[in-house]
Number of protein chains: 2
Amino acid sequence: MLGIDPGTLRVGFAVVDRHGASQVAVEWGVLRARGELPARLLAIYAGLTELVKRARPSVLALEDVFFGKDVRAMEKIGEGRAIAKLVAAQHGMQVAEYPPATVKRAVAGNGAASKEAVARMVTAAFGLREQPTPADATDALALALCHCTRGGAPQAASLPRSRRRRWTTEDLRHLPG
Amino acid sequence: MLGIDPGTLRVGFAVVDRHGASQVAVEWGVLRARGELPARLLAIYAGLTELVKRARPSVLALEDVFFGKDVRAMEKIGEGRAIAKLVAAQHGMQVAEYPPATVKRAVAGNGAASKEAVARMVTAAFGLREQPTPADATDALALALCHCTRGGAPQAASLPRSRRRRWTTEDLRHLPG
């Protein structure tokens with residue numbers, strides 16, 4: 001599955017594979033977009049499309065919209081989310097959305113957990129040697145973990161065999177953001 | 001140019017061509033999207049892409065975000081806008097955004113003009129026999145008209161000659177929404 005923490009300047013992503021009751025972080029990092037907004041949307045679309053074609057996830061896990069006071073920031077996050085949902089639809093992926101408090105509760109046992117607590121739990125749950133960086137990637141890993149722990153079906157069984165891939169720990173890699 | 005009134009269920013559109021100081025409404029209507037949200041984003045993306053490939057506009061005119069009280073509705077409009085901006089970026093179009101009051105003032109001389117007054121002025125400005133329907137298409141025509149009257153350059157001169165098209169009144173058609 002693919003977890004995404006969308007913005008229009010930075011999109012944190014995490015590809016996570018499930019093996020029975022455990023999960024493996026396959027790759028994570030941040031897509032960065034520069035320039036004016038239309039160019040950034042284009043860069044995000046191209047980056048996510050490439051990622052989805054490579055990793056072939058069947059589920060997109062997204063944070064549900066947080067309605068903050070900064071409406072302009074909200075608008076930009078909404079635009080990043082829309083592009084992510086479009087790419088998911090183009091590749092037949094299911095979309096699962098979780099409110100921030102649900103993610104924190106699922107990962108750290110507390111809907112008001114600190115970013116630091118979430119980062120520690122993500123590191124432990126995926127058996128990583130050190131905390132993932134940057135923060136956007138950690139958020140994307142937390143989303144994917146939330147989807148796993150909430151019983152989200154990995155969906156791989158419904159895909160044609162040719163689209164399945166097996167990951168081992170050797171495949172683990174960290175794309176520097 | 002292409003005027004868009006975006007939503008995720010209905011996207012009003014209007015293709016307008018400028019000839020010196022006058023403008024011609026080339027086609028207008030509504031793209032409708034059905035089903036779940038990811039499928040609707042896909043339908044909007046496909047519909048707008050087809051429209052842009054056919055009409056080859058150089059400018060996308062959009063309504064600037066209206067921050068209403070219904071945040072869910074706002075989110076949906078934002079997603080439609082994001083898809084429209086992505087399609088514009090993919091085809092090298094400029095994006096011009098106008099707040100609703102600016103559109104009303106440019107079209108009907110009054111930033112608080114009624115929808116009916118805007119529809120009458122749009123009908124007159126484009127020399128249409130009857131008021132365009134549905135309302136989403138009228139809004140898209142108003143946006144395009146606003147862009148014309150505010151001196152937005154039609155940009156055609158900067159396009160390769162092969163991409164230019166000449167429209168006459170015979171080309172006028174109304175795509176039923």
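Visitor: Through which surface do the copies meet, judged by the interface residues of chain A and chain B?

Guide: This is a predicted model, and the comparison concerns the interface residues of its two chains. Of the interface residues of chain A, 100% are also interface residues in chain B. The copies therefore meet through the same surface.

Visitor: What kind of axis relates the two copies?

Guide: Chain A is superposed on chain B by a rotation of 180°, with an RMSD of 0.0 Å. The shift along the axis of that rotation is 0.0 Å. The copies are thus related as by a two-fold rotation axis.

Visitor: How many aromatic pairs does a search of the whole structure find, and is the pair of A:Tyr45 and B:Tyr45 stacked, edge-to-face or tilted?

Guide: Over all chains, the search finds one aromatic pair. The ring centres of A:Tyr45 and B:Tyr45 are 5.8 Å apart, and the ring planes lie at 35°. Planes under 30 degrees apart would count as stacked and those over 60 as edge-to-face, so the pair is tilted.

Visitor: Which elements does this pair join?

Guide: The pair crosses between chains. A:Tyr45 lies in helix α1 (residues 37-55) of chain A, and its partner B:Tyr45 lies in helix α1 (residues 37-55) of chain B.

Visitor: Is A:Tyr45 buried or exposed?

Guide: Buried means under 20% relative accessible area. The relative accessible area of A:Tyr45 is 13%, so A:Tyr45 is buried.

Visitor: Which residues have the most contacts inside the largest nonpolar core?

Guide: In soluble globular proteins, nonpolar side chains tend to be buried together. The largest nonpolar core here has 49 residues. Those with the most contacts inside this core are A:Leu2, A:Ile4, A:Leu48, B:Leu2 and B:Ile4.

Visitor: In β3(A), which residue is the bridge partner of A:Asp17?

Guide: Strand β2 (residues 10-19) of chain A pairs with β3(A) in the antiparallel sense, over ten bridges. Strand β3 (residues 22-32) of chain A is mostly covered, with nine of its eleven residues buried. Within this pairing, the bridge partner of A:Asp17 is A:Val24.

Visitor: Which residue takes a positive phi in the hairpin of β2(A) and β3(A)?

Guide: The hairpin has two residues between the strands. The positive phi, near 60°, belongs to A:Gly20.

Visitor: Over which residues of chain A is the pLDDT below 50?

Guide: The mean pLDDT of chain A is 81, and 80% of its residues reach 70 or more. The stretch with pLDDT below 50 has 40 contacts in the model beyond near neighbours in sequence. That stretch is residues 153-177.

Notes. Residues are numbered from 1 along each chain as its sequence is written. Chains are lettered from A and ligands numbered from 1 in the order in which they are written. Side-chain values use heavy atoms; hydrogens and water are left out. Buried means under 20% relative accessible area, exposed over 50%, partly exposed in between (1.4 Å probe, protein chains only). Helices (H or I, at least four residues) and strands (E, at least two) are DSSP runs, numbered from the N terminus. Two strands pair if DSSP finds at least two bridges between them. Rings of Phe, Tyr and Trp (its six-membered ring) pair if their centres lie within 6.5 Å; planes under 30 degrees apart count as stacked, over 60 as edge-to-face and the rest as tilted. A nonpolar core is a set of buried Ala, Val, Leu, Ile, Met, Phe, Trp, Tyr and Cys residues joined through side-chain atoms within 4.5 Å. Copies are superposed by least squares on the C-alpha atoms of residues with pLDDT of at least 70 in both. Contact means heavy atoms within 4.5 Å. pLDDT is the predictor's confidence in each residue, from 0 to 100.
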